[in-house]
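User: Hi! I am new to protein structures and would like to learn how to read one. Could we go through an example together?

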Amino acid sequence: MKKILTVLLLAISLCAVACARDRHTRNVNDLPPAARSILKNNFKAQVSLIKIDADWGRVSEYEVILTDGTEVTFDRAGNWKEIDTGFSSYVPDKLIPKAIRDYVKANQKGIKIVGIEHDRKGYDVTLSNGIEMKFDNQGRFLRYDN
């Protein structure tokens with residue numbers, strides 16, 4: 001009986017490892033339509049690499065690296081979760097909630113948003129001068145972050 005349980009646990013473990021394997025591609029058609037649309041309509045650079053993260057055989061997110069170094073992470077439905085341009089470019093205005101755009105424009109004149117992350121708690125924003133800010137889901141400023 002112990003041997004059967006041991007073999008069964010080993011088989012389940014191997015299956016879990018095999019199902020959790022990430023995949024890499026350059027084929028934009030492997031992305032959900034919403035993600036393809038965001039990339040096409042907001043970024044000039046081409047896709048360099050796509051990492052498809054899978055948990056238990058199900059896609060959990062897509063990490064896209066563009067030729068200019070910009071990294072965009074999408075959820076499984078194709079909604080962006082994080083955009084990081086490094087400091088070489090800036091996040092396209094259309095992808096930033098208006099309340100956040102307006103707040104940064106009013107309080108950090110001439111500074112661009114180079115990174116933004118959205119989760120269920122709100123937004124984390126990185127500015128071109130290195131300042132990090134937190135906003136709630138409605139785009140209201142919460143605090144400066146370090």
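User: Is Asn-42 buried or exposed?

Analyst: This is a predicted model, where local features need pLDDT of at least 70, side-chain atom pairs count only at pLDDT 80 or more, and totals for chains, interfaces and linings use all residues. Residues are numbered from 1 along each chain as its sequence is written, and side-chain values use heavy atoms, leaving out hydrogens and water. Buried means under 20% relative accessible area, exposed over 50%, and partly exposed in between (1.4 Å probe, protein chains only). With a relative accessible area of 17%, Asn-42 is buried.

User: Which residues of α2 are buried, and why do they line one face of the helix?

Analyst: An α-helix has 3.6 residues a turn, so residues three or four places apart point the same way. Helices here are DSSP runs (H or I, at least four residues; strands are E, at least two), numbered from the N terminus. In α2, the buried residues are Ala-35, Ile-38, Leu-39 and Asn-42. They line one face because, seen down the axis of α2, they fall within an arc of 95°, taken from the directions from the helix axis to the C-beta atoms. The face turned away from that buried side carries the exposed Pro-33 and Lys-40.

User: Which residues is Asn-42 in contact with, leaving aside neighbours within four places in sequence?

Analyst: Contact means heavy atoms within 4.5 Å. On that basis, Asn-42 touches Pro-92, Lys-94 and Leu-95. A polar atom of the Asn-42 side chain also lies 2.9 Å from the backbone oxygen of Ile-38.

Note on methods: Polar contact = N/O pair within 3.5 Å; in protein donor to acceptor, adjacent residues only side chain to side chain.
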